[in-house]
Amino acid sequence: MAQHGGPQQRIFSPLRTALHRFAFILLIFTAFGLMLLGKADTVLIERIRAASADLVSPVMNVVSRPAASINELTDKIYNLAHLYEENERLRRENQQLLAWQQAARNLSHENVRLRELAHYTNPPALHLVTARVIADMGGAYAHSVMISAGSRDGVAKGQAVISDEGLVGRVAEAGYQASRVLLITDINSRVPVIVENSRDRAFLSGDNTNRPLLTFLTADAAVAPGDRILTSGHGGAFPPGIPIGVVSSVSENAVRVAPLFRRHQLEYLRVADYGLQGILSEKRIRDSQAPVNTNATQLSPEIPAGVGVVPAAPAEPAPSAQKPPAGELP
């Protein structure tokens, strides 16, 4: 039986065998090369990641649509199976909400009058961008998602990302048409927070689990399971008062918080621009990496003119050579 492509098979067969044999080693060297490049130039790596996200985002958007449709169909079947229980629960909630509605109207009217008396100035308008989650970029060692909004939509690095329940994370990398969101459960996430009841301040530190930690708590902090955790507004990263989660457990070694969102159920997120500059921007990163001017005769641009410079003593006026007018002593 004649073999098709005999010469070509004899030429390319050893190449395929060598490629299969050394592919793993080649990938290891490539990974180490990218790690070294990332340590050498952080800004360049972030730009490469943003460009890669822009290239992959259309494919991810198309691929994620069937999965979203299947999830939606599954939710509808589940709701039909539990329709009676859901109806009874909604009736009870409706009665409670009617009572809260009356209380909210009274408090709203009182709040308006107090603001008029105190001449309260409203904060600047909040700019929101709603985007769809098109990919889950994380795994066991990273918690992040990709959304279908970028710099063309007004998204910038450091902006807060929220859901209907509360804070989800912040924008870590903003491409032109897609962005990567670092979740608050990621090991690289640190958020200044406050305990709603006791007003104790702390940091919410992610550790790549579904229950991040409360760190830097004071020794006399009064924290109990069920306490709500809010953003404190320190550092200028997020405004105060954004809900984050609820304290799930308190022990001698750790205080863990259950976030208000579920990672596998994230579908639509909102990027909130509060007008804050707490997270380093690209311009500030470039300025921080600029070479230091060693010329001692020039002042640093960060030091205002005149600060730290001793002014020269004023010169004494030269004695006048003119004679005083008649009748006056010199």
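Predicted model: local features only at pLDDT ≥ 70, side-chain atom pairs only at ≥ 80, totals over all residues.

Student: Okay. How many salt bridges does the structure hold?

Tutor: Ten. One of them joins the side chains of Arg 89 and Glu 93, at 2.4 Å from N to O.

Student: Where do Arg 89 and Glu 93 sit relative to each other?

Tutor: Both are in helix H3, which covers residues 83-118. They are four residues apart there, so about one helical turn separates them.

Student: And how exposed are Arg 89 and Glu 93?

Tutor: Arg 89 is partly exposed, at 32% relative accessible area. Glu 93 is partly exposed too, with a value of 32%.

Student: Which residues does the network with Arg 89 join?

Tutor: Glu 86, Arg 89 and Glu 93, through salt bridges that share partners.

Student: What about Glu 196 and Arg 228, how far apart are they N to O?

Tutor: Their side chains meet in a salt bridge at 3.0 Å. That pair links distant parts of the chain, 32 residues apart. Glu 196 lies in the loop between strands S6 (190-195) and S7 (201-205), while Arg 228 belongs to strand S9 (residues 228-231).

Student: What's the relative accessibility of Glu 196?

Tutor: It's 28%, which counts as partly exposed. Arg 228 is partly exposed as well, with 35%.

How values were computed
Residues numbered from 1 in each chain as written. Heavy atoms only, no water. Salt bridge = Lys/Arg side-chain N within 4 Å of Asp/Glu carboxyl O. Helix = DSSP H or I, 4+ residues; strand = E, 2+ residues; numbered from the N terminus. Buried < 20%, exposed > 50% of the residue type's maximum accessible area, 1.4 Å probe, protein only.
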